[in-house]
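Biologist: I have a new model open and some time before my next run. Can you walk me through it?

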Amino acid sequence: MNDNSSSLTSSGNTAQLASAQATGTYSAYNLTGFSTGNTGGGTIADTDARYKKVYTATDLAQALKKGSGVKVIEVMNDLNLGWNELPSAAQTSPFAEHNKPLTHPVLKQSGVSKLTIDGFDGLTIFSNNGAKIKHVGITVKRSSNLIIRNLEFDELWEWDEATKGDYDKNDWDYLTLEQTNKVWIDHCTFNKAYDGVVDVKKGSKGVTISWSSFRSDDGSSNSWVSQQVKAMEADKSAYPMYNYLRSSSVGLSQQDIIAIAGGQKKTHLVGATEFASDNADLEITLHHNYYQDSQDRMPRLRGGNAHVYNIVMDASGLVAAKAKLTPEMDKAINSKGYHFTVTSNGAISTEGGAVLVEKSQIIGVASPIRNNQTDPSNSKYTGKIRAVDTMYTANGTTFRGNSDTAGSPLAPYPAAALSFSWNGFNSLPYSYQTDDPTTLVSRLKAADGAGAGKLGWSKTNWLLVQY
């Protein structure tokens, strides 16, 4: 536990926390992984001048101004942070206008903002009630000891006509880490995004993402994707790609398109630049996360090291969506240069990176373990990757074992497998405890499982790193 007993006593949590420690109730939520040692903003009292309760975009802008001295930000309620939603007082650094929305009816009204967190050392951002942050991409630069907990990120996707479904224009990610050391993202929920969800770039290291939920669109009548499709259906001529998909040349229904578009295209890009010299520094741990219909990158690593344990990659919805596209439909779509399909990759190691996938569940992912995405014949693009005691279910059959077991469906693909070793050390520089992979789906979907708004405990607990 962090040392600051006076602040815990002042908020009346000492007995409760002592009891929880005695029974081990909260020990599963201890900070571990490569972000071990991350202090965040500390356990300061909410009466401290460095503790800011944020109710508005203006409050948040003031708290995150470079050099503000703020150590703890408590987000008190949902925040709509689109550029057109910001008051003029907040339309200044650290906010800036992001790429303009082109198709989604809500985003065309709200706009999208970019929020930059730059030069902070020791900062915790949390909500006690799982508050939502919408219409904004957050970039963390040149910072260290940052903790983000119990927040939900939403409404940052739109249909892509501009690059014909390649999603290569808006560059909207919920979180991007650059030149940053020690970041813990915990008990957060991430809904469908235009580009990536959480990307780690420019040599960032010491990153742990834990107990978080990565969700696809649920396809309900008023879901985010459904709102987009309804708007296009009402004016098909303004959306040539959508109009073509709905035409007799392809023959997809509205619900087919909603289902196929519902998955998350990209999840974690770790290392943005091919063979960058600082890729060797990259470090990320993913544990106790639930990935629902993520199509790719859990993670996708260039160089460096990634440890993945006790996660669920559940692509069951992608399997059903993929079945809606016939070979004839694919041919017709490709003939027009459009990109509208369902990708299904899991963990990927490239360019000499080391990825260990341990005691996890992988459901329905077509290519669960990959070691090259550029040129399988060129070994410099191949990474090291190994799966250990991991369950893989596909086509009604379940395998449990390792990637290097003879005949394993988890054998790395498509290049010849490299012998696994960590880069820069012989064994992981932290301790951790694993759960049996058979328990993961129920555990992470439980009322106190992965995602924001799940733990009904004292807000002081969100400031701690050990329990």
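Modeller: Here is a short tour, topic by topic.

Biologist: Ground rules before we start?

Modeller: This is a predicted model, where local features need pLDDT of at least 70, side-chain atom pairs count only at pLDDT 80 or more, and totals for chains, interfaces and linings use all residues. Residues are numbered from 1 along each chain as its sequence is written, and side-chain values use heavy atoms, with hydrogens and water left out.

Biologist: Which residues does the UniProt domain annotation cover?

Modeller: The unreviewed UniProt entry puts "domain: Pectate lyase" on residues 102-346. UniProt positions are in the numbering used here, feature names are shortened, and annotations may be inferred rather than shown by experiment.

Biologist: How much helix and strand is in 102-346?

Modeller: The chain there is 19% helix and 31% strand. The end C-alpha atoms of that stretch are 30 Å apart. Helices (H or I, at least four residues) and strands (E, at least two) are DSSP runs, numbered from the N terminus.

Biologist: Sheets next. What order do the strands of the open sheet take?

Modeller: The sheet has 10 strands, ordered β3-β7-β10-β13-β16-β19-β22-β25-β28-β29, with mixed pairing. Two strands pair if DSSP finds at least two bridges between them.

Biologist: Which strands stand at the edges?

Modeller: β3 (79-80) and β29 (397-401) do. Each has a single partner strand, so one side of each is left without a neighbour in the sheet.

Biologist: Pick a pair inside it. How many bridges join β25 to β28?

Modeller: 3 bridges join β25 (residues 361-363) to β28 (residues 390-394), and the two run parallel. Ile362 has Tyr392 in β28 as its bridge partner.

Biologist: And β11, how does that pair with β14?

Modeller: β11 (residues 175-178) pairs with β14 in the parallel sense, over 4 bridges. Glu178 has Lys201 of β14 as its bridge partner.

Biologist: Which way do the β14 residues point?

Modeller: In β14 (residues 198-201), Val198 and Val200 point one way, and Asp199 and Lys201 the other. All are buried, meaning under 20% relative accessible area; exposed is over 50%, and partly exposed is in between (1.4 Å probe, protein chains only).

Biologist: What about the core? How many residues in the largest one?

Modeller: The largest nonpolar core has 98 residues. Ile73, Phe153, Trp159, Phe190 and Phe340 have the most contacts inside it. A nonpolar core is a set of buried Ala, Val, Leu, Ile, Met, Phe, Trp, Tyr and Cys residues joined through side-chain atoms within 4.5 Å. Another core, of 19 residues, lies apart from it, with Tyr29, Val72, Val312 and Trp457 among them.

Biologist: What is Ile73 in contact with?

Modeller: Leaving aside neighbours within four places in sequence, the contacts of Ile73 include Lys52, Val54, Leu60, Leu123 and Phe126. Contact means heavy atoms within 4.5 Å.

Biologist: Aromatics. How many pairs?

Modeller: The count is 24 aromatic pairs. Rings of Phe, Tyr and Trp (its six-membered ring) pair if their centres lie within 6.5 Å; planes under 30 degrees apart are stacked, over 60 edge-to-face, the rest tilted. Phe153 and Tyr174 have ring centres 6.0 Å apart and planes at 50 degrees, so that pair is tilted.

Biologist: Where do Phe153 and Tyr174 lie?

Modeller: Phe153 lies in β10 (residues 152-154) and Tyr174 in the loop between β10 and β11, so the pair ties together parts that are 21 residues apart in sequence. Both residues are buried.

Biologist: Now helix α7. Which residues are buried?

Modeller: In α7 (residues 254-261), they are Asp256, Ile257, Ile258, Ile260 and Ala261. Their cover includes α5 (224-233), α6 (240-246) and α8 (316-322).
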